[in-house]
Amino acid sequence: MISASRSALWSIRSYRSMFSAYALASFGDWFDALAIQVLVVYRWGIDPFMMALIPVCMALPAVLFSSFAGTLADRVQQAKLMMLCDLLTVFLTVGVLFAPNFAWLLPLLALRAMAGVFHVPAQQALTRRVVPADLLLQATSYNGLVGQGSKVAGPLLGAVTLAALSPQACILINMGARLLSALLLLGLWRLPAGKAGQEREVVKGQSRIQSFWSEWKEGWTFLWHRKVVFHTMIFGFIGLTAILMVDYQFPTLFKSISPDNESLTGQVVAAIGAGAVGALIVLNKLGNIHYAWGLGGGCGLIGLGIALLGLCPPASPLWLLLGFGLLLGIGNGTYILVQNYILQKETSPDVVGRVFGIQNTMNSLVMLTAPLVGGLFIRALSVGTAFMSIGITMVGLGLTGILLRRLLWPQTEVKETGAGVSGMKMPSA
């Protein structure tokens, strides 16, 4: 029956096109992200504090516009919005490609991040619309697999490309992937707008602006009253605050461990992706996991992996670094699958875009301060001590989530049945 449900999912043409477009965009992004980090740290010699300005500049557009982008995603044709974002990303990536220095790179990355702000809620809203409720876990896990799988293929091939060519070659590959993604979305243009958009067309005597603000407030109201979703967002907000203090400092850590190995970042990130893919495959086959064990356990494993990487001395063997990266990835894959499933399953289809937009706003608020604090933390102590401290904090947060599971996520679990996947009311673990 499970294989039958998988066949049913892949028989949905709209999902196939959307999945392929997402796969291409994710793959290209990892080429791009790795190239920019190597360019900034190894070629331009930017210090940890200045390095932290990258996520800050990329977060600012999301803070300002994410919740509004979510409202827009619920009102318009999502495939068209995603395609427009892909094309804008290509155009702005041309600027990134020719950026002469760090001062030019930062505003270009901020502008490019603006396109991503509108892409994420549009994709999530479109997934919720084209995939039946009983196939949502399958779709979420496959989306997670391609996202995490790109962390394996992207950095590995990106590291080879960096060694053979240059960071600029990796940026060009991202441009090509985004163009193909936009072409795949052409087939989805006939899909109607979301429910909010359809209702907007038939409401008489109501201004478009007033309707937009009403729908924006409706998203926040829904979130406040849906406690399972609200608690998931708050838990993720706290965890992200900790992890973003070191997230953009992995190249700094690996440079202290192996100063001459520019490809080390790509290799460890690939191991993280491999661990996440493995976790997603296992959870897909397992078919059920309690919300708290998925979120709390995943958070704890992420923290353990970060702490162990921070303990690694210079000239540590590659196999040890890859092993700790694999552990971090297992936690990451588990957390991502359960979190995205909760936000998809526990949210009404006509407000999915707004909920993911609000989540993006909250996450981006963290990015304005946490990376800078992390950069100062590393300056004051050391990169290894910072990683170890943040890792221990993440482990503590994960354990707290598990211990308070009956309060935060009472009697809820991700469960797959013979008929498909659904959120079942089950006794707490």
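Helices here are DSSP runs of at least four residues, numbered from the N terminus. The model is a predicted one. With that in mind, the tour can begin at the surface.

**Stop 1: a surface patch**

Select Trp 189. This residue sits in the loop that joins α8 (167–184) and α9 (195–202). Trp 189 is partly exposed, its relative accessible area being 39%. Together with Trp 189 they make up a nonpolar patch on the surface, and the accessible area of the four is about 390 Å². In soluble globular proteins, nonpolar side chains tend to be buried together.

**Stop 2: the salt bridge**

Stay with α8 and select Arg 178, then Asp 86. Their side chains meet in a salt bridge, with 2.5 Å from N to O. Asp 86 belongs to helix α5 (residues 78–97) and Arg 178 to helix α8, so the pair ties together parts that are 92 residues apart in sequence. The structure holds one salt bridge. Are its two partners buried or exposed? Asp 86 counts as buried, at 0% relative accessibility. Arg 178 is buried as well, with a relative accessible area of 10%.

**Stop 3: the cores**

Next, select Leu 9, Tyr 15, Val 131, Phe 254, Leu 309 and Trp 409. These are the residues with the most contacts inside the largest nonpolar core, which has 74 residues. Which helix gives this core its largest share? Helix α15 (residues 318–345) does, with eight residues.

Leave Val 131 selected and look at what surrounds it. Setting aside residues up to four places away in sequence, Val 131 touches Leu 9, Tyr 15, Leu 136 and Ala 139. There is also a second, separate core, made of 22 residues. To find that second core, select Phe 31, Ile 36, Ala 99 and Cys 170, which are among its members.

**Stop 4: helix α12**

Select residues 250–257, which make up helix α12. Six of the eight residues of α12 are buried, so the helix is largely enclosed by the rest of the structure. Which six are they? They are Phe 250, Pro 251, Thr 252, Leu 253, Phe 254 and Ile 257. Show the surrounding helices too: the buried residues of α12 pack against α2 (13–43), α3 (48–51), α13 (264–286), α14 (291–310), α15 and α17 (383–403).

At 16% relative accessibility, Thr 252 counts as buried, since the limit for buried is under 20%. Its contacts beyond four places in sequence are Pro 48 and Val 383.

**Stop 5: two residues of helix α4**

Move to helix α4 (residues 53–75) and select Pro 61, which lies in it. Pro 61 is buried, with a relative accessible area of 6%. What does Pro 61 touch, not counting residues up to four places away in sequence? The list is Ser 66, Ala 110, Ala 113, Met 114 and Val 117. Then select Leu 365. Along the chain Pro 61 and Leu 365 are 304 residues apart, and their C-alpha atoms are separated by 10.0 Å.

Further along, Ala 73 is also in helix α4. Ala 73 is buried, at 0% relative accessible area. With residues up to four places away in sequence left out, Ala 73 touches Gln 78, Leu 81, Pro 121, Ala 122 and Ala 125. Select Val 120 as well: Ala 73 and Val 120 are 47 residues apart in sequence, and 9.1 Å apart in space from C-alpha to C-alpha.

**Stop 6: cysteines**

How many disulfides does a search of the whole structure find? The search finds zero disulfides. A disulfide is a covalent bond between the sulfur atoms of two cysteines. Select Cys 57 and Cys 85 to look at two cysteines. Cys 57 is partly exposed, with a relative accessible area of 21%, whereas Cys 85 counts as buried at 4% relative accessibility.

**Stop 7: a loop residue with positive phi**

Finish at Ala 315, in the loop between α14 and α15. Ala 315 counts as exposed, at 68% relative accessibility. Check its backbone: Ala 315 has a positive phi of about 65 degrees, although it is not a glycine. Most residues other than glycine have a negative phi.

How values were computed:
Residues numbered from 1 in each chain as written. Predicted model: local features only at pLDDT ≥ 70, side-chain atom pairs only at ≥ 80, totals over all residues. Heavy atoms only, no water. Core = buried A, V, L, I, M, F, W, Y, C linked by side-chain atoms within 4.5 Å. Buried < 20%, exposed > 50% of the residue type's maximum accessible area, 1.4 Å probe, protein only. Contact = heavy atoms within 4.5 Å. Patch = residues over 30% accessible without salt bridge, like charges linked within 9 Å, V, L, I, M, F, W, Y side chains within 5 Å. Areas by Shrake-Rupley, 256 points an atom, 1.4 Å probe, with all protein chains shown as cover. Disulfide = S-S within 2.5 Å.
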